[in-house]
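Here is a brisk report on one structure. Look over the sequence and the model first, then read on.

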Amino acid sequence: MRGQIFNDLIALMGEDESLFFVTGDMGINLVEPIEEKYPDRFLNVGIAEQNMIGVAAGLCNAGYRPVVFTIGNFLVHRCFEQIRDDIVLHEYPVVLLGTSAGWDNAPLGPTHHLIDDWGAIRNLPGMDVYAPSSVEFARSALGRALAASRPCYIRVAKGATSIEDSEHDVFFRPGADGSAGPLLVSYGTLASECLKAQELAPEISVLVLNKVHPVDASVVAPLLVAHGRAIVVEDHFAHSGLYASVCQLIMEEGLDARVFPAAPKGYDLVVGTSAGSYHEREGLDAAHLVKRVGALGRVGAGHES
Amino acid sequence: MTVAATRDTARDDGRDSLQAPGLTRGGTPYPDPSAVRRTILGMLYRAKASHLGTSMSLVEILVAAYGACDIAAIASGLPSRDRVFVSKGHGACATYATMHHYGLLSEAVIGTYHQDGSALAGHVSHAVPGIEHSTGALGHGLPVAVGTAIGLQSSGRTDALVFCALGDGEIQEGSIWEALMLARHRGLARLIPIVDNNQISSIRATSDVIDMRPLRKRFEGFGFVVHQVDGHDVAALAAAISEIETGQVASVIIADTIKGKGVPFAEGQPVWHYRSLDDDSYATALKALVEDPVPTLAAGAGS
């Protein structure tokens, strides 16, 4: 999906001369056209991510709107204080564009797994978080983020999954049993696993949030109530991810619904050759999800064995 | 706002004429550093606030930096304005006091320092008009100043000066050296980092914590031209600023200072980073500043 976002960025930089691209020496065969076309608005700060975020804030001070790019781990974890103090506190509308969501970098080991990033960002007031599930949404994610004029984090997964009619912040695929069937709630790469699970078990309904924070309560709450039980499927720790957001929504709104997590439980030191390997280990692939849903169905609404 | 719309806007602050010796950019005498110190003392005493030591070491650095700026452009927030970043955010009291003496903050406003409902917290805050960036956690201000300088360069506003006051303890932060590498690589000749080299870190002598002496060599090793001056000599600081401004190379000023300068019982004492003034210590300090003021430029600080 990176390709779609960068194509979008190059087009947007032609329309808006305040856009300024900053990379932490990442994006080979991706960033070069920006440098060539807009040399005055291209900056490679090198392997120095803390500085990169401060520099982005400074570019805002000078009237620019930076889009800051590197691997999500280095963008979020290394720079959390800079994001908090220099971006969020100043309400600078910086776009943080982080790649390698979830286990995209599977065999590279846990330092390169991104399963604890946006939960940290979610803790900062005033930040939006996008996690595109498809190329269709990725094509417009940057435009949406820029239109909001707020600081934001776009969590970009590898691959180029196409999902029809998925270009909105939220989309819903009802199951064959309507609201009587279970609901899977997901985002990013795992949206596709949920849709595969729906193919295997058509009674499943699937709700996908391309914009994961803040949660659009007007869409999510009625579906939770209608289905009564849901599993939140994510490649991020549940206690700070979408599961936590949905639990909070249920409590705040007093919803009559039960929600269960399908998410990694910790870091994994054992190599997996692909994101799919980790999905299987953590029970996040389509086959496991169908089993989880089956367990929900056997004990009825509101409970899970 | 798009950058294109303002890129061709000519500077309107008279940058083409050099600053007259002994005078600020605006052609006025520099504020008397001792008067700034007395303002600081009053602010800290009323607020029962800490950071006396750093407030006193920073005075001439800020007097010289603001003196090289177009104050009216800062007040009106012009895109082409000069900028002063205070990376050592605990220098807030000194910053607000200096801004007051340059007419950027009223007496009523600085009187609210550390008070309920005030924007003037104990660390520099952009909620205060004229402040570029909030700082407090160390190692943040210089990267932002570097980004600003790059942005000004990219948008063709190449004359604006970007000052950044740093602590000699603060420069233990790795982000400072990340920013310096980029500044040198980009040849940011209008960026003027000034190290308040008061030789005391947080709880003890900087050299006892991380010995970086000779500091000059550290910056030279990163490719900077270093101006090491008496940091309590406004004229010497102004001369270094002027030399950097007329040159085209990445430069750093190391301002050798004394933490607590002008308050004899606090000079060189780490505890005055934290301690607040009581009635007796305030009276003693004020007496010292009145009877034995730090020499002003006019009094012969030298040129």
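## A buried loop residue in chain A

A:A48 sits in the loop that runs between β2 (42–44) and α3 of chain A. Helices here are DSSP runs of H or I with at least four residues, strands are runs of E with at least two, and both are numbered from the N terminus. A:A48 is buried, at a relative accessible area of 5%. Buried means under 20% relative accessible area, exposed means over 50%, and partly exposed lies in between (1.4 Å probe, protein chains only). A:A48 and A:T23 are 25 residues apart in sequence, and their C-alpha atoms are 9.8 Å apart in space.

## Ground rules

This is a predicted model: local features need pLDDT of at least 70, side-chain atom pairs count only at pLDDT 80 or more, and totals for chains, interfaces and linings use all residues. Residues are numbered from 1 along each chain as its sequence is written, chains are lettered from A and ligands numbered from 1 in the order in which they are written, and side-chain values use heavy atoms, with hydrogens and water left out.

## Helix packing between the chains

Two packed helices are described by the angle between their axes and the distance between the axes. Axes are lines fitted to C-alpha atoms, for helices over the stretch in contact, and angles run from 0 to 180 degrees between N-to-C directions.

Helix α3 (residues 49–61) of chain A meets helix α8 (residues 174–186) of chain B. Their axes come within 8 Å and cross at roughly 70°. α3(A) and α8(B) are therefore roughly perpendicular to each other. The classes are these: under 35 degrees is roughly parallel, over 145 roughly antiparallel, 65 to 115 roughly perpendicular, and the rest oblique. The crossing of α3(A) and α8(B) is right-handed. A right-handed crossing has the near helix turned clockwise from the far one by less than a right angle; anticlockwise is left-handed.

On the α3(A) side, the contact is made by A:E49, A:Q50, A:N51 and A:V55. On the α8(B) side, it is made by B:S175, B:E178, B:A179 and B:L182. Contact means heavy atoms within 4.5 Å. By class, this contact of α3(A) with α8(B) has 3 nonpolar, 3 polar and 2 charged residues. Ala, Val, Leu, Ile, Met, Phe, Trp, Tyr, Cys and Pro count as nonpolar; Asp, Glu, Lys and Arg count as charged; the others, Gly among them, count as polar.

## Helix packing inside chain B

Helix α2 (residues 33–47) and helix α12 (residues 279–291) of chain B pack at an angle of about 175°. Their axes are 10 Å apart. That makes α2(B) roughly antiparallel to α12(B). From α2(B), the contact uses B:S34, B:R37, B:R38, B:L41, B:G42 and B:Y45. From α12(B), it uses B:D279, B:Y282, B:A285, B:L286, B:L289 and B:V290. The contact of α2(B) with α12(B) has 7 nonpolar, 2 polar and 3 charged residues.

## Cysteines

How many disulfides are there over all chains? The count is 0, where a disulfide is a pair of cysteine sulfur atoms within 2.5 Å. A:C60 is in no disulfide, and the nearest cysteine sulfur, that of A:C152, is 12 Å away. A:C60 is buried, with a relative accessible area of 10%.

The sulfur of A:C247 is 16 Å from the closest cysteine sulfur, in A:C194, which is too far for a bond. A:C247 is partly exposed, at 23% relative accessible area.

## A strand histidine in chain B

B:H227 is in strand β4 (residues 225–230) of chain B. B:H227 counts as buried, at 12% relative accessibility. Leaving aside neighbours within four places in sequence, B:H227 contacts B:A240, B:E243, B:I244, B:S251, B:V252, B:I253 and B:I254.

## Backbone points to check

The peptide bond from A:H213 to A:P214 is cis, with omega near -5°. A:P214 lies in the loop between β10 (211–213) and α9 (217–227) of chain A. In chain B, a cis peptide bond joins B:R213 and B:P214, with omega about -5°. B:P214 is in the loop between α9 (206–209) and α10 (215–221) of chain B.

A:S149 is not a glycine, yet its phi is positive, near 50°. A:S149 is partly exposed, at 48% relative accessible area. B:K48 also has a positive phi, about 50°, and is not a glycine. B:K48 lies in the loop between α2 and α3 (52–67) of chain B.
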